Amino acid sequence: IGVRVNIQYCIFTLTPMLGNKRVPTNPNGVTMSDWQRKFVSTTSAASRRNGAGYMPCQGLYYSPSDRVAKTALIATHYNVDFSEHYLGEYMASRGYGFLGWNTRFRGNEAFFLLEHALVDIGAGVHWLKEQAGIEQVVILGNSGGGSLMGAYQSQALGVTMTATPGLDIPPTLHDLIPADLYVSLCAHSGRPEVLTAWLDPSVTDETDPTSIDPELNMYDPKNEPPYSEEFISRYRAAQEARNHRITAWCHSELERVRRLGMTDRAFNLYRTWADLRLMDGEIDPSQREVGRCYAGDPSVANFGPRGIGLTNTLRTWLSMWSLQDSHCRGAPHLNRISQPALVIQSNADTGVFPSDARAIFDALASEDKRLDMIDGDHYLETPEDARDNVADLIVAWLRERGAD
């Protein structure tokens with residue numbers, strides 16, 4: 001059966017805005033004035049243009065202004081807008097294309113479904129090949145998007161995932177184009193893994209963000225760091241148990257609402273800034289600032305309304321966060337990636353740790369793979385030359401593999 005897919009494209013050229021921003025340079029003296037960017041928006045094979053007019057898939061394509069790039073990177077996140085990804089201009093000024101790409105789930109994490117997100121990423125890869133004339137595509141798995149891009153590459157090599165309960169695998173999932181090279185940058189191992197590592201196991205009532213078991217409260221003075229081995233073991237087991245309890249509830253609740261004629265429902269998840277490594281620098285040691293997380297003071301953030309997975313539907317939990325059911329776990333996909341791979345991790349990251357980078361490196365099936373620890377925080381805002389340095393590192397690695 002032949003299927004004709006009509007994908008609509010919309011492209012606008014944007015002029016780089018320097019403002020007061022430091023101008024990045026490379027060893028050859030190429031500066032930001034040598035790059036350009038275009039707004040790209042498309043439908044995908046599994047999502048049409050919205051009634052209000054916007055396309056489901058949107059992003060910015062960065063490229064050299066004086067030539068057509070032969071190699072381009074693509075980066076996408078589960079929820080965060082990656083269109084203006086900080087590496088875009090740095091890679092374009094060094095002669096590479098860079099597509100900061102968003103699926104229909106940008107800013108809409110509560111309704112995320114992996115099988116549909118992968119089709120949307122595929123629309124971006126198709127655009128690179130068909131419209132931008134790219135010969136070699138490089139996956140960039142950055143931050144939380146690391147496991148998402150790993151899942152894309154894995155399923156582009158052959159679909160192995162099962163559908164979210166109540167849904168079907170989109171036929172076009174079988175049409176994904178695999179990338180040629182894989183780069184992991186300050187990436188979490190997987191969506192269920194990072195959430196579980198951050199879950200507060202002292203929650204006793206999922207409907208009450210103030211409920212607490214003091215025996216499992218990492219912020220209780222009697223459990224102060226450095227945490228004992230006994231407490232660490234008991235704490236981590238309780239974190240996994242909390243994840244499994246929510247999964248079991250999602251399955252039973254999905255059945256209950258179906259009997260009432262509903263297809264899904266939403267719920268809130270509380271207290272997700274409780275990774276022991278945030279307060280104990282002896283666990284997974286690095287050069288990070290202990291007592292800090294991406295939202296500031298962890299003990300304050302943990303009891304606030306801001307956090308990953310705050311709002312979910314039952315299906316979204318099973319698709320993205322569940323240790324038992326989610327196909328957003330890193331290792332099963334990384335185990336299938338045999339393309340050359342580069343894993344980069346910053347040593348002062350307050351949310352991704354050395355063991356995460358080693359886990360990604362070890363899970364990759366690539367024979368040609370490399371792990372580099374670099375100076376910098378999670379977003380490489382410090383030190384001042386961190387972004388230049390990581391761009392140079394990626395470029396040197398690509399050129400060693402003939403990707404100019």
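In this predicted model, R277 and D356 form a salt bridge whose closest N and O atoms are 4.0 Å apart. R277 belongs to the loop between β8 (266-268) and α6 (298-301), whereas D356 belongs to helix α9, so this pair ties together parts that lie 79 residues apart in sequence. R277 also meets D284 through their side chains, in a salt bridge of 3.0 Å from N to O.

Because buried means under 20% relative accessible area, R277 counts as buried with its 9%. D284 is likewise buried, at 13% relative accessibility, and D356 is buried at 13%.

Together with E193, V194 and A197, they lie nearest the centre of the second largest pocket, which is lined by 26 residues. The elements that give two or more residues to this lining are α4, α5 (229-259), α8 and α9 (354-363). The volume of the second largest pocket is about 510 Å³, and its lining divides into 11 nonpolar, 7 polar and 8 charged residues.

The largest pocket has a volume of about 590 Å³. Its lining comprises 30 residues, and H77, N79, V80, S143 and Y379 are those nearest its centre. Helix α4 (residues 191-198) provides the largest share of that lining, 3 residues.

Beyond its neighbours within four places in sequence, I360 is in contact with S184, A187, H188, S189, L334 and V343. I360 is also one of the residues that line the largest cavity, among them H188, S189 and L334. The elements that give two or more residues to this lining are α3 (145-156) and α8 (330-334), and α3 gives the most, with 3 residues. The model has 1 cavity of 30 Å³ or more, and the space within the largest cavity is about 40 Å³. Its lining divides into 3 nonpolar and 6 polar residues, with no charged ones.

Attention now turns to the packing of nonpolar residues. In soluble globular proteins, nonpolar side chains tend to be buried together. The largest nonpolar core of this model holds 65 residues, of which Y61, I74, F112, L118, L128 and W317 touch the most other members. Helix α2 (residues 114-130) supplies the largest share of this core, 8 residues. Apart from neighbours within four places in sequence, L128 is in contact with Y61, A72, I74, L99, G133, I134 and V137. A second, separate core has 32 residues, including Y90, A386, V390 and L393.

The salt bridges of the model number 20. One of them joins R94 to D388, with the closest N and O atoms 2.7 Å apart. R94 lies in the loop between α1 (88-92) and β5 (97-102) and D388 in helix α10 (residues 386-400), so the pair ties together parts that are 294 residues apart in sequence. R94 and D388 are both buried.

Definitions and conventions:
Residues are numbered from 1 along each chain as its sequence is written. This is a predicted model: local features need pLDDT of at least 70, side-chain atom pairs count only at pLDDT 80 or more; totals for chains, interfaces and linings use all residues. Side-chain values use heavy atoms; hydrogens and water are left out. On a 1 Å grid over the protein atoms alone, a cavity is a set of points where a 1.4 Å probe fits but cannot get out, and a pocket is an open set with protein on both sides within 12 Å along at least five of seven lines; lining residues have an atom within 4 Å of a point. Grid points are joined across faces, edges and corners, and a volume is the space filled by probe spheres set on the points. Helices (H or I, at least four residues) and strands (E, at least two) are DSSP runs, numbered from the N terminus. Ala, Val, Leu, Ile, Met, Phe, Trp, Tyr, Cys and Pro count as nonpolar, Asp, Glu, Lys and Arg as charged, and the others, Gly among them, as polar. A nonpolar core is a set of buried Ala, Val, Leu, Ile, Met, Phe, Trp, Tyr and Cys residues joined through side-chain atoms within 4.5 Å. Buried means under 20% relative accessible area, exposed over 50%, partly exposed in between (1.4 Å probe, protein chains only). Contact means heavy atoms within 4.5 Å.
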